[in-house]
Amino acid sequence: MRRVLLAAAAVLVAAAPLAACQREGGGGLAGGRVQLGGPFNLIDMNGQPVTEKALLGKPTAIFFGFTYCPEVCPTTLTDLTAWLKALGPDADKLNVVFVSVDPERDTPEQLRLYLSNFDPRIRGLTGAPDAVAKAAKAYRVYYQKVPQEGGGYTIDHSSSVYLFDAKGQFVAPIAYQSPPERAVSQLRALLAG
Ligand code: NI
């Protein structure tokens with residue numbers, strides 16, 4: 001009996017981060033003029049300071065997550081890589097940004113290593129914990145540390161990719177696991193202005 005209980009507990013622990021990771025924050029963003037985004041002071045994968053001004057002049061797809069994420073972040077980054085490939089050369093006209101909500105573990109070096117698995121045009125940003133918190137708040141991104149049994153932690157976070165125009169105005173989200181043809185057509189529409 002004890003073994004069964006332990007096995008059940010292990011399943012719960014294993015399932016918790018994924019369930020947590022998939023929780024959607026900032027609902028109701030699909031239509032209308034939503035104020036999203038704002039000033040931030042983060043650092044890039046070379047440790048250089050980056051502000052929101054670096055994203056102006058090109059449309060942007062931005063996503064918040066963390067490199068130790070068990071499923072949602074790698075799935076989204078794999079999807080983004082496929083979408084960029086589908087866009088062809090036009091993908092160069094887009095900023096694609098992955099912002100860490102785990103600044104303790106996601107150093108610039110860790111982001112660089114992790115993102116080397118995906119399209120090289122995806123830029124990683126991290127920063128001081130308070131700077132990350134401020135950026136997440138501006139983008140209405142929910143994230144919360146969740147302790148794991150046996151030590152360590154995972155992070156429960158919003159899972160949408162947010163699209164912005166070249167002036168930094170929020171346009172629309174792409175939902176987690178959106179069908180590829182739909183996501184690519186949203187990106188094409190964004191690039192067309
Ligand atoms: Ni994640």
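Okay, so a salt bridge here is a side-chain nitrogen of Lys or Arg within 4 Å of a carboxyl oxygen of Asp or Glu. Side chains of opposite charge can pair when their charged atoms come close. What we're looking at is a predicted model, and it holds seven salt bridges by that rule. Let me walk you through some of them.

Start with Asp 90. Where does it sit? In the loop between helix 2, residues 72-87, and strand 4, residues 95-100. The side chain of Asp 90 pairs up with Lys 93, at 3.0 Å from N to O. Asp 90 counts as partly exposed because its relative accessibility is 31%, and Lys 93, at 48%, is partly exposed too. One more thing about Asp 90: Leu 187 is 97 residues away in sequence, yet the two C-alphas are 9.8 Å apart in space.

Next up, Lys 145 and Glu 104, with N and O 2.5 Å apart in their salt bridge. Lys 145 is in strand 6, residues 143-147, while Glu 104 is in the loop between strand 4 and helix 3, so this pair ties together parts that are 41 residues apart in sequence. Lys 145 has 39% relative accessibility, so we call it partly exposed. Glu 104 comes in at 53%, and exposed means over 50%, so Glu 104 counts as exposed.

Last one: Arg 121 with Asp 119, closest N and O atoms 2.9 Å apart. Is Asp 119 buried or exposed? Buried, because its relative accessibility is 8% and the cut-off for buried is under 20%. Arg 121 is partly exposed, at 30%.

Terms used:
Residues are numbered from 1 along each chain as its sequence is written. This is a predicted model: local features need pLDDT of at least 70, side-chain atom pairs count only at pLDDT 80 or more; totals for chains, interfaces and linings use all residues. Side-chain values use heavy atoms; hydrogens and water are left out. Helices (H or I, at least four residues) and strands (E, at least two) are DSSP runs, numbered from the N terminus. Buried means under 20% relative accessible area, exposed over 50%, partly exposed in between (1.4 Å probe, protein chains only).
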